[in-house]
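Please look over the structure below before reading on.

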Amino acid sequence: MSIAPSRQSLAATAPVVSTTVTSGVPLLDVQRQYQAIRGEIAAAVTRVCDSGRFILGPDCEQLETALAAYCQVPHGVACASGSDALLLALMAYGIGPGDEVLMPSYTFFATASAAWRLGAKPVFVDIEPATFNIDPKHLERSITSATKAIVPVHLFGQCAAMREIVAIAKKRQIPIIEDAAQAVGAELDGRRAGSWGEIGCLSFYPTKNLGGFGDGGLLTVKDQALAGRLKLLRGHGMEPRYYHHVVGINSRLDSLQAAVLNVKLPYLDDWTAARQTNARLYGELFAECGLDRILGLPKEAANSRHVWNQYVIRVPDGRRDALRAHLAQQKIGTEIYYPVSLHRQECFSSLGYGPGSLPHSEQAANETIALPIFPELSPAELRTVVHGIAAFFGVSRHAGANRPHL
Ligand SMILES: *Cc1c(COP(=O)(O)O)cnc(C)c1O
């Protein structure tokens, strides 16, 4: 079974892509990665089952230590999901009613729901069109005396403008909580996602670059006392057993997930390199057939290590949905991340953001489409995707023709 590409699709019973489809290209096929390491996974799962220890435990501790080091921070705190990591981070800072939390509007819902669930107000900031990430200038203008946290998102696998954001936050002593759910291993100036702010939030949702076999998340933390507080909060605020000084939540990581992730982590850099190769090849193939002049291709900022959780292009002139339908006919999987920016979501209508209030976020929501980029794709499959798009725009399909090895 392959994983369906969106949460909405996951709610449906039938996966939208399948390894049994020989033509076409799936948006994501988690089977290919699993098949390559299934012996190691089976051994790890059996070991956990034999141990009888299913919650937290040594596998989680190993993951916390290894991922903290990978993300260049001293402490890691595993939890039940990326969404919970965001929630726990805000809880650790005591954020609640009357507080404002700044974040980009163009992101996954969990970035905002964490603040909302605590009674705080999400304040939506527009994005920079070139990177899809939060615009530091608009961020600075949005700060008020009620601003209690800044949550930049490293969208699609590329770090936000952290140099500028850290400078803005430092001046006013506002904590930064990075939403690094899509960006494990991403770098700017050699510094990893999750190491810029006070806390970084990772997700192991199966579509992420380090995907578990279920839900999971982890907080990367610089300060030891803060890490201790997060550990307390993820376990009902209980210390010692059955004594509660604060009210926490249940957000522990399963040992089985940790064991699977410990098997996968040593492969992550190879998988990231394969994603980078795929992104480069897309760029070359699009240029060869002139599509780079029609489409908005993703750009990698200077001094950055983009880890390409998603390869997202812009389709101009309102033709995005028609292109998507055309590709679907050829069984080429795509997804729209995200069709509605958060400031325009119905559940946040009471915040009063009208149409056009964050124009760059709204334009991205209307123009973007994600193409298959997962590490195990073959060059031939990438060429199939590019040819499918070339056919839609009626441009010559000779991409890669001068390179028969593709
Ligand atoms: C996936 C994701 C989350 C939430 O992570 P879960 O593990 O699915 O709860 C939060 N923010 C962003 C940007 C994400 O992509």
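**Briefing on the model**

Setting aside neighbours within four places in sequence, A112 is in contact (heavy atoms within 4.5 Å) with M103, P122, F124, L342 and F348. The model is a predicted one, in which local features need pLDDT of at least 70 and side-chain atom pairs count only at pLDDT 80 or more, while totals for chains, interfaces and linings use all residues. Residues are numbered from 1 along each chain as its sequence is written, and side-chain values use heavy atoms, with hydrogens and water left out.

- A112 is found in helix 5, residues 110–117; helices (H or I, at least four residues) and strands (E, at least two) are DSSP runs numbered from the N terminus.
- The relative accessible area of A112 is 0%, so A112 is buried (buried means under 20% relative accessible area, exposed over 50%, partly exposed in between, with a 1.4 Å probe and protein chains only).
- Y93 is 19 residues from A112 in sequence, and the two are 16 Å apart in space, C-alpha to C-alpha.

**Nonpolar cores**

- A nonpolar core is a set of buried Ala, Val, Leu, Ile, Met, Phe, Trp, Tyr and Cys residues joined through side-chain atoms within 4.5 Å.
- The largest nonpolar core has 83 residues, of which L67, L90, V101, I177, L219 and L230 touch the most other members.
- Helix 4 (residues 82–92) gives the most to this core, with 8 residues.
- Not counting residues up to four places away in sequence, L219 touches H75, G76, V77, C79, A85, L88, A89, I199, G200, C201 and L230.
- In soluble globular proteins, nonpolar side chains tend to be buried together.

**Strands 11 and 12**

- In strand 11 (residues 311–314), Y311 and I313 point one way, V312 and R314 point the other way, and all are buried.
- Strand 11 pairs with strand 12 (residues 368–371) in the antiparallel sense over 4 bridges; pairing requires that DSSP finds at least two bridges between two strands.
- Opposite I313 stands I369 in strand 12.

**Cysteines**

- The count of disulfides (pairs of cysteine sulfur atoms within 2.5 Å) comes to 0.
- For C49, the closest cysteine sulfur is in C60, 14 Å away, which is too far for a bond.
- C49 is partly exposed, with a relative accessible area of 41%.
- For C71, the closest cysteine sulfur is in C159, 10 Å away, again too far for a bond.
- C71 is buried, with a relative accessible area of 0%.
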